[in-house]
Structure formats: structure tokens, C-alpha cells
Amino acid sequence: MIRVAVVDDERLVRSGLRMILGTAPDIEMVADCSGAEAVDTVLSCAADVVLLDIRMPDVDGLTVLRRLRAAPEPPAVAMLTTFDAQEYLTAALREGAAGFLLKDSDPEQLVRAVRTLAEGGSVLDPGVTRAVIGGYLTAEDQASAARAVSGLTPRESEVLALLGEGLGNAQIADRMGLAPSTVKDHVRALLGKLGGINRIQAAIVADRAGLVAGTPRGAW
């Protein structure tokens, strides 16, 4: 069972997400709260996945993200955002956000996103993808991304390409015919070789280096 917590200052948003996620048989909503009580609530309920509002009036979402990521066993955190919050996206990515979802995401998309996050994957709503990529790698061209991946082994490059497709560890294991534990080791190694970046950052590098199948270089 995937344990999920929702952090948002709007009670209506929290109720709506609880209703949507409550329909999935493999998801358990363990908490919903505002930003002021978020860190203690999320850590006490041992959530696997947190959906976190990126902008809140009482406690900034980036502050909550930073504190959650500093926990000994941090949950996967996806930021809930709107089209007018682009200035926060790069900062959230650098703080370790595992995904970005629009608040009006399709219910089925939201459930799939939670499952992907629970498997160690990353999620990017199409509505914010270009803002995330453009804000993070505006100065990162294809050549420098290619140089960054040149030190990877062929197997690590293959895993990186699948990360670029947004797959979680279990999905990568199925695709490559490997044990999930082996994939986890490859992911840890390649993230370290790329400078200790996170999965979304690695996915962006994979895109810029032209590793993502069916995606033109420089576009996602």
C-alpha cells in the first residue's frame, strides 16, 4: 500500500485530492494538512509520497520540501503548482523535488503519478515540463550534456535513457530484464557520476544528451 500525504493551504484542494486518490485500491491517504504543520505530520505518519503545494501563505512549500528532504528516510515529494508559479520550479528541483504536477491534473494521471513516485520515478506534468527544463538548463547545451554522460558505462547510459522517459526503478527493471536492486545500484552510481544530481535533473541531462528514444535533441 502506498502511503500518501497532501500538504496544501486550501482545504478544498486537500479534500479533492483525498477523494481522487482514495479510489485507488493500492493508495492510502494517511494525512492532509496545511504548511504550518506539514513536516511533523508527514514524518509522523511515515508517508511514502507527499504532494506539496509549492506556494503557501503560512510556510513556504520550498521550506517544507527542504526539511522533508533532510529527514533520514525522506519521502518522495512532488510539488503541486499552477501555471503562474514558474519562478519556484528551478528552486524546487534543486532542493530535490521528484516531480511537478498541476493542481488540475487529470485524476487518472494523478494516480499514475503517485505510483511512479512510490517506485522511485519522477513525474512532470506536460504543462510545466518546458518551464522546468528551460529554467534549469538554459545554459546547458547538447555538447556539455554529452560530455556529462561520457563517463557512464553502457549499462548506466541505458538506465539513464529510461530515466529520461520518466520510468521508475521497477519499470526500468522490467524493460531491461534486471532485478530492481540492480537497477537501484545503477541509478545510484550514475547520479553520483553526474554530480550528485536527482532523478529529474538526470532526466533533463538524458534529454539534452539525446539519449531519450523518440525525442529530438534539446526538446522534451
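This is a predicted model: local features need pLDDT of at least 70, side-chain atom pairs count only at pLDDT 80 or more; totals for chains, interfaces and linings use all residues.
**Note on helix packing and the sheet**

1. The axes of α9 (residues 169–176) and α10 (residues 180–193) cross at roughly 110 degrees and come within 8 Å.

2. On the α9 side, the contact is made by Asn169, Ile172 and Ala173. Helix α10 contributes Pro180, Val183, Lys184 and Val187. Sorted by class, the contact of α9 with α10 comprises five nonpolar residues, one polar and one charged.

3. Which residues of α9 are buried? They are Asn169, Ile172, Ala173 and Met176. Viewed down the axis of α9, these buried residues fall within an arc of 100 degrees, so they line one face of the helix. Asn169, Ile172 and Ala173 of this buried set also take part in the contact with α10.

4. The cover over the buried residues of α9 includes α10, together with α8 (154–164) and α11 (199–208). Just after α9 comes Gly177, with a positive phi of about 70 degrees.

5. The sheet is open and has six strands, in the order β2-β1-β3-β4-β5-β6, with parallel pairing. Strands β2 and β6 (123–124) stand at the edges with a single partner strand each, so one side of each has no neighbour in the sheet.

6. Phe100 stands opposite Leu124 in β6.

7. Helix α1 lies across β1, β2, β3 and β4. Relative to β2, the helix α1 runs at about 175 degrees, which means that the two are roughly antiparallel, the cut-off being over 145 degrees.

8. Where do the buried residues of α1 sit around its axis? In α1 (residues 11–21) the buried residues are Val13, Arg14, Leu17 and Leu21. They cover an arc of only 100 degrees around the axis, and therefore lie on the same side of α1. Arg14, a charged residue by class, is among them.

9. What covers the buried residues of α1 includes the strands β1 (2–7), β2 (27–33), β3 (49–53) and β4 (76–81), and also helix α5 (107–118). On the face turned away from the buried side, α1 carries the exposed residues Arg11, Leu12 and Met19. Leu12 and Met19 count as nonpolar, although both are exposed.

Terms used
Residues are numbered from 1 along each chain as its sequence is written. Side-chain values use heavy atoms; hydrogens and water are left out. Buried means under 20% relative accessible area, exposed over 50%, partly exposed in between (1.4 Å probe, protein chains only). Helices (H or I, at least four residues) and strands (E, at least two) are DSSP runs, numbered from the N terminus. The arc is that of the directions from the helix axis to the C-beta atoms. Contact means heavy atoms within 4.5 Å. Two strands pair if DSSP finds at least two bridges between them. Axes are lines fitted to C-alpha atoms, for helices over the stretch in contact, and angles run from 0 to 180 degrees between N-to-C directions.
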